[in-house]
Structures are given as structure tokens and as C-alpha cells.
Amino acid sequence: MSTVINADKDVRNILYGICDLTLPKAEWTHEAHFAAAIAMLLDSSFDALNDMPRIIKAYNEATGVQNTDHEGYHHTITMASLLAAKAVINEGSSSLSESFHRLLNSKYGKSRWVLSYWSKDLLFSVEARKSWLEPDLKKLPFKMEGQ
């Protein structure tokens with residue numbers, strides 16, 4: 001089952017659902033990850049690059065997904081997705097839902113976009129799952145803060 005994400009409230013509800021651990025696991029889709037990223041980046045009460053990892057890990061545990069070397073939270077993919085979302089937001093949008101749809105319709109909106117920048121071996125390594133690794137195929141058009 002997938003949640004329809006059309007309005008600003010739909011985008012916010014995804015974020016609220018992972019934060020309060022009420023979003024049904026079946027609704028934690030690729031699109032929902034991006035909705036949460038957009039909502040978190042545009043909500044000044046969050047520090048997305050620091051808060052998102054903790055929130056996803058807690059949500060995973062609450063829905064029976066273990067955060068291990070081979071499943072659950074993946075740091076490099078999460079950070080890359082947040083950076084892509086931030087780049088789309090910085091291009092200018094008038095609403096949460098507009099930013100979400102612009103991201104989803106951009107080259108970063110497909111789940112495999114990261115494989116244009118990281119080789120499968122590097123991206124799916126334990127190290128990439130646990131910490132930020134720079135891409136090995138080509139540079140990202142945006143940078144991690146502090147780099």
C-alpha cells in the first residue's frame with residue numbers, strides 16, 4: 001500500500017508518522033523517504049543531517065527492521081538523499097508538496113540515482129551503511145556540509 005502525497009499536509013504527515021512511530025511500515029516507501037526529507041529540511045525545528053539518522057533508526061526498530069551491517073539504516077544513501085532534496089529546495093519552490101514533486105520528478109527522484117555516483121561495491125559496503133563515503137564514480141553536484 002502506498003500513501004498518496006499531493007498536499008503539504010501529506011508531506012508533513014509522513015514526517016510526523018516516522019517521528020512518532022505511527023506510519024505503517026508499508027507506507028515507508030521511496031517516495032515517503034523523500035517526503036520526510038523535504039518536510040524535515042523545511043522545518044526549522046529539525047537539523048536534518050543530524051536528526052534524520054536517529055529518526056530512521058528508531059522508526060526501523062519500531063517496525064521490526066534491524067539496523068545491522070546489511071539491513072536497515074544506510075547512512076550514505078540517507079545523506080545523499082537529503083543533499084539531493086536540499087539542492088532541489090534551493091532551486092526554489094513555493095510549498096512542501098511542490099518541493100516534493102520537483103524532487104521526485106528530478107534525476108534524483110529515482111531510487112537508483114545513487115548508482116550514477118557510487119559503484120555498487122562501495123555503496124553497499126558496511127562502511128557506506130555506517131558512515132558517509134564520498135562517491136567513487138563521479139563527484140556529486142552538491143557537498144556534505146563542512147567539506
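Contact here means heavy atoms within 4.5 Å. This is a predicted model, in which local features need pLDDT of at least 70 and side-chain atom pairs count only at pLDDT 80 or more, while totals for chains, interfaces and linings use all residues. Residues are numbered from 1 along each chain as its sequence is written, and side-chain values use heavy atoms, with hydrogens and water left out. The helices named below are DSSP runs (H or I, at least four residues), numbered from the N terminus.

**Confidence**

**Helices α1 and α2**

- In α1, the residues V11, R12, I14, L15 and I18 meet A32, A35, A36, I38, A39 and M40 of α2.
- Sorted by class, this contact of α1 with α2 has 10 nonpolar, no polar and 1 charged residues, where Ala, Val, Leu, Ile, Met, Phe, Trp, Tyr, Cys and Pro count as nonpolar, Asp, Glu, Lys and Arg as charged, and the others, Gly among them, as polar.
- The axes of α1 and α2, which are lines fitted to C-alpha atoms over the stretch in contact, come within 8 Å and cross at roughly 95°, with angles running from 0 to 180 degrees between N-to-C directions.
- The two helices α1 and α2 are therefore roughly perpendicular to each other, a term that covers angles of 65 to 115 degrees.

**The loop between α1 and α2**

- L21 is placed in the loop between α1 and α2, and its phi is near 65°, a positive value in a residue other than glycine.
- Most residues other than glycine have a negative phi.
- L21 is partly exposed, with a relative accessible area of 40%, since buried means under 20%, exposed over 50%, and partly exposed in between, with a 1.4 Å probe and protein chains only.

**Helix α5**

- In helix α5, which spans residues 96-104, the buried residues are L96, S97, S99, F100, L103 and L104.
- These residues cover an arc of only 160° around the axis, which puts them on the same side of α5, the arc being that of the directions from the helix axis to the C-beta atoms.
- The buried residues of α5 pack against α1 (8-19), α2 (30-41) and α4 (75-90).

- T78 lies in helix α4 and is buried, with a relative accessible area of 11%.
- A84 also lies in helix α4 and is buried, with a relative accessible area of 0%.
- Not counting residues up to four places away in sequence, A84 touches L103, Y108, W113 and F142.

Technical notes:
Parallel < 35°, antiparallel > 145°, perpendicular 65-115°, else oblique.
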